[in-house]
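Take a look at the structure below.

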Amino acid sequence: DAGRLEGAEELARQALDRDPACARARVVLANCLFARAGRTQPPELHLQQEADGETLRAVALAPKDPVVVRLRGTFLAATMHLSAAAEAAEALLAQSPAALDHEWVDLFRAAGMWRFQLGEERAAREWLRIAVQSPVDAQACFTYGLCMLRTAEVAADATTAAWAFREARGLDPANVEAAYG
């Protein structure tokens, strides 16, 4: 998530040397391979295919792991399969536990952002509503505010949008969009 792909790839390979069934290591490795494939023009197709295979293996190993599903979705979104990314996240979110830790919240956020990118603000707002309950991400708060504003049916929706914009601005004071939200 921090973008330090070389270090992440090395750590993922070390983890897989110890435990070849480590789904999280497989999905991290996949995203690193995909990023490496994109550094050349044209992108290295064999690395992209290897990355796709690794994400599929990871999901087969741990289909209910929110990190694995989110990182598979990240791969799908990067390959322009936003609908598939959102659907995979939503399938798991339908089974989410009552108490949400940060890994589940990250999956809610990702599903909401993917739905927003697809232009499906109503679906996006439902996922983002949960993700912003303990706001730590200015972009998610801002996007939630946009969704609430664009789909507002009652005054309370606009009030919620204003709250989300204030939260986004508080989390990222340099965010000019949030200031005008």
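## The start of helix H8

This is a predicted model. At the start of H8, Asp137 makes an approach through its side chain: one of its oxygens comes within 2.8 Å of the backbone nitrogen of Gln139.

Helix H8 covers residues 138–150. It has 13 residues, and at 1.5 Å a residue they should span 18 Å. The C-alpha atoms at its ends are 18 Å apart, so expectation and model agree.

Among the buried residues are Phe142, Tyr144, Leu146 and Met148. Both Cys141 and Cys147 are on that list too.

## Arg72 in helix H4

Helix H4 runs over residues 66–78 and includes Arg72. Is Arg72 buried or exposed? Buried means under 20% relative accessible area. Arg72 has 13% relative accessibility, so it counts as buried.

The side chain of Arg72 forms a polar contact of 2.6 Å with the side chain of Thr55. Leaving aside residues up to four places away in sequence, Arg72 touches Val27, Asp52, Thr55, Leu56 and Val59.

## How H4 meets H6

Two packed helices are described by the angle and the distance between their axes. The axes of H4 and H6 (residues 102–117) come within 9 Å and cross at roughly 25°. Angles under 35 degrees count as roughly parallel, so H4 is roughly parallel to H6.

The crossing is left-handed. On the H4 side, the contact residues include Pro66, Val69 and Ala77. H6 contributes residues including Trp104, Leu107 and Trp114.

Technical notes
Residues numbered from 1 in each chain as written. Predicted model: local features only at pLDDT ≥ 70, side-chain atom pairs only at ≥ 80, totals over all residues. Heavy atoms only, no water. Helix = DSSP H or I, 4+ residues; strand = E, 2+ residues; numbered from the N terminus. Expected span 1.5 Å × (residues − 1). Buried < 20%, exposed > 50% of the residue type's maximum accessible area, 1.4 Å probe, protein only. Polar contact = N/O pair within 3.5 Å; in protein donor to acceptor, adjacent residues only side chain to side chain. Contact = heavy atoms within 4.5 Å. Axes fitted to C-alpha atoms, helices over the stretch in contact; angles between N-to-C directions. Parallel < 35°, antiparallel > 145°, perpendicular 65-115°, else oblique. Left-handed = near helix turned anticlockwise from the far one by under 90°.
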